[in-house]
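Reader: I've got a model on my screen and I'd like to learn how to read it. Could you walk me through some features?

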Amino acid sequence: MRTLLSWCMAVLMVGADLFGGQPRSEMGEKVDVIRGHKDAVWSVAFSPDGKRLASASNDKTVRVWDVRTGKELLKIEGHASNVFCVAWSADGQWLASGSFDKTVRLWDADNGKEVQQMNRHTASIRTLSFRRDGKRLVSTDHGGTARLWDTETGKEIRSFMVSQDVCFSPDGKRLASAGPDKAARIWDAESGKEVLVLRHERVQAVCWSPDGKQLASTGLDARVLLWDVEAGKVDKVLQGAGTCTRLAWSPDGKRLACICVSGRQLKAWDVASGREILHESPQAGGILHVAWTPDSKRLAGGTTQATIQFYKLPD
């Protein structure tokens, strides 16, 4: 467990010096910080209405915050080990969390009570993604297994092998996965059948555009590729990404953010022009995960310093 935790921290540590000092953003701007966790914040996710922010931490808790005031609304406990990922259902009713204790849990987002526990994974949980209707949840673990769950019953529907992230398309009909085998892959969510292979050098992360027409992939070639999913061809290349481990497409579809390992940077681009609009180069600490506000105007980042850092992007 100690070896796995050390590896994950080394792979994902990027970002900014988050404890005071002047902002280092060249184009974006640091605007706020939330403190309350006792250890690194691995994952952050905004509620669909943007009023609440959920976070998952090494302190074994999931917490829910009031975005406007920064006040802690819920402290959810139950996992036996570090909590690595958190996700909201589209109606804001449920929170899902995944942990190094190898379990996926569903919580009532209003009162923090556990409503389901899924425990068929044999390795620590890496990512979570709800289908838009909330009836399906896909989880991946650090052993390379993805499992599709019925959230109403907590039963596993199917499992398949992947290597990195898996996420639902906006319409819930497809799944995209990343892996080190020089490809991003798209699957039929119901049948589990592979329907498309997109070649890219050792893909580290994938992310759907909000309209589901494009897929972003990032690999070890320091590029982010934007794919036309129907044509199976690259629409655009964003250069200078470094080696990225996370991607986040803004809800309005106009901006794309990534966290880079090799350059220890947080970057964001204007998708239409390919222009870089945020470039955060830290001296210490790091950002582990980012999420966009529903209005696409700000980014929130979970950090190695147990904080959640907000960034305002230029108009």
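Reader: How many bridges join strand 23 to strand 24, and which way do the two strands run?

Author: A quick word on the ground rules. This is a predicted model, where local features need pLDDT of at least 70 and side-chain atom pairs count only at pLDDT 80 or more, while totals for chains, interfaces and linings use all residues. Residues are numbered from 1 along each chain as its sequence is written, and side-chain values use heavy atoms, with hydrogens and water left out. Now the general idea: strands (E, at least two residues) and helices (H or I, at least four) are DSSP runs numbered from the N terminus, and two strands pair if DSSP finds at least two bridges between them. Here, strand 23 (residues 255-260) and strand 24 (residues 265-270) run antiparallel and are joined by 6 bridges. Alanine 257, for instance, has alanine 268 in strand 24 as its bridge partner.

Reader: What sheet do these strands form, and in what order?

Author: An open sheet of 4 strands, in the order 22-23-24-25, with antiparallel pairing. At its edges sit strand 22 (244-249) and strand 25 (276-280), each pairing on one side only. Across the protein, the secondary structure comes to 28 strands and 1 helix.

Reader: What share of the protein's residues is buried?

Author: Buried means under 20% relative accessible area, exposed means over 50%, and partly exposed is in between (1.4 Å probe, protein chains only). Of the 315 residues in this protein, 58% are buried.

Reader: How many aromatic pairs are there?

Author: Rings of Phe, Tyr and Trp (its six-membered ring) pair if their centres lie within 6.5 Å; planes under 30 degrees apart are stacked, over 60 edge-to-face, and the rest tilted. By this rule there are 4 aromatic pairs. Take tryptophan 42 and phenylalanine 84: their ring centres are 4.5 Å apart and their planes are at 40 degrees, so the pair is tilted. Tryptophan 42 is in strand 2 (residues 41-46) and phenylalanine 84 in strand 6 (residues 83-88), so this pair ties together parts 42 residues apart in sequence. Both are buried, tryptophan 42 at 0% relative accessibility and phenylalanine 84 at 1%.

Reader: Which residues do ring pairs link into a cluster?

Author: Trp42, Phe84 and Phe100. The rings of phenylalanine 84 and phenylalanine 100 have centres 5.5 Å apart and planes at 80 degrees, so that pair is edge-to-face. Phenylalanine 100 lies in the loop between strand 7 (94-99) and strand 8 (104-108), and is buried as well, at 2% relative accessibility.

Reader: Now for charges. How many salt bridges does the structure hold?

Author: The rule is a side-chain nitrogen of Lys or Arg within 4 Å of a carboxyl oxygen of Asp or Glu. The structure holds 16. In one of them, aspartate 110 meets arginine 52, with the closest N and O atoms 3.4 Å apart. Aspartate 110 is in the loop between strand 8 and strand 9 (114-118), and arginine 52 in strand 3 (residues 52-57), 58 residues apart.

Reader: Are aspartate 110 and arginine 52 buried or exposed?

Author: Aspartate 110 is exposed, at 58% relative accessible area, whereas arginine 52 is buried, at 18%. Another salt bridge joins arginine 147 to glutamate 156 (3.0 Å, N to O). There, arginine 147 is buried at 10%, and glutamate 156 is partly exposed at 23%.

Reader: Which residues are linked in a network of salt bridges?

Author: Look for Asp59, Arg63 and Glu72, which salt bridges link in a network.
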